[in-house]
Amino acid sequence: MARVASFHVVRHAGAPTAMRRLATDRLRRPPGLAFGRLLGTGRGADTGPSADLRRTALFAVWHTAGDLDRYLAAVAARPGVVERYDVRLRGLGGHGSWRGVDVLDDLEPGAGDGPIAVLTRAGVRMGAWRSFRRAGPPVSTELAAAGGLLAAMGVGELPVGRLGTFSLWSDVVAMRAFASSPRHRDVVRRTRQERWYGEELFARFEPYGASGTWDGRDPLA
């Protein structure tokens, strides 16, 4: 049976609860989890370096859809959570790795004729950090205005410099239109020429089910 992936956005009652979850949940491994990373998040839809200390995220790959079902049932009534959004994902392709792991390997294949989820992740080299920070705000502004964008956030993990984004799009046409926009295309070119990243990942998914709300709404509704 093929694996499935998921992305989870959780808003906590306060920053101490969120930080405690980031610390303690790293020590737990839910049954059926093939790969998982707990993440801090940026403010709102900002995909540049910023922090929302009350919000956390999780990207996970599960051996079966049943394993994901059991995880969602286990966390449904967690105390201190004021909002959560859970998205089920099938693979649509991409390239790269996450700390040496191919997160797209053996994923159940999805259909690309509807909404698209995109996960990016990079390990920024120390020498490129200043250039990366300067390039972030214009691209974040361009992303926020992109046609067909349903939702987006910046994510990050320790140590500092391991950053990424998660976004939902109305369709692959909208996603590709943003990818070919001038500022985004120029930054992608610079990352290659100036070798900003030690490791990078670009992965596309079919969001085939969701529950809860993200900032008060379901972007896929």
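Beyond the residues up to four places away in sequence, Glu 157 touches Arg 37, Leu 38, Leu 39, Trp 98, Arg 99, Arg 121 and Arg 162, where contact means heavy atoms within 4.5 Å. The model is a predicted one, in which local features need pLDDT of at least 70 and side-chain atom pairs count only at pLDDT 80 or more, while totals for chains, interfaces and linings use all residues. Residues are numbered from 1 along each chain as its sequence is written, and side-chain values use heavy atoms, with hydrogens and water left out.

Glu 157 lies in strand S6 (residues 149-157); strands (E, at least two residues) and helices (H or I, at least four) are DSSP runs, numbered from the N terminus. Glu 157 counts as buried because its relative accessibility is 7%, buried being under 20% relative accessible area, exposed over 50% and partly exposed in between (1.4 Å probe, protein chains only). The side chain of Glu 157 makes a polar contact of 3.3 Å with the side chain of Arg 99 and another, also of 3.3 Å, with that of Arg 121. A polar contact is a pair of N or O atoms within 3.5 Å; within protein, one must be able to donate a hydrogen and the other to accept it, and residues adjacent in sequence count only if both atoms are side-chain atoms.

Most residues other than glycine have a negative phi. Arg 195, not a glycine, has a positive phi of about 50°. Arg 195 is in the loop between helix H5 (182-193) and strand S8 (197-212), and with 52% relative accessibility it is exposed. Asp 215, also not a glycine, has a positive phi of about 55°. Asp 215 belongs to the segment after S8 and is partly exposed, at 47% relative accessible area.
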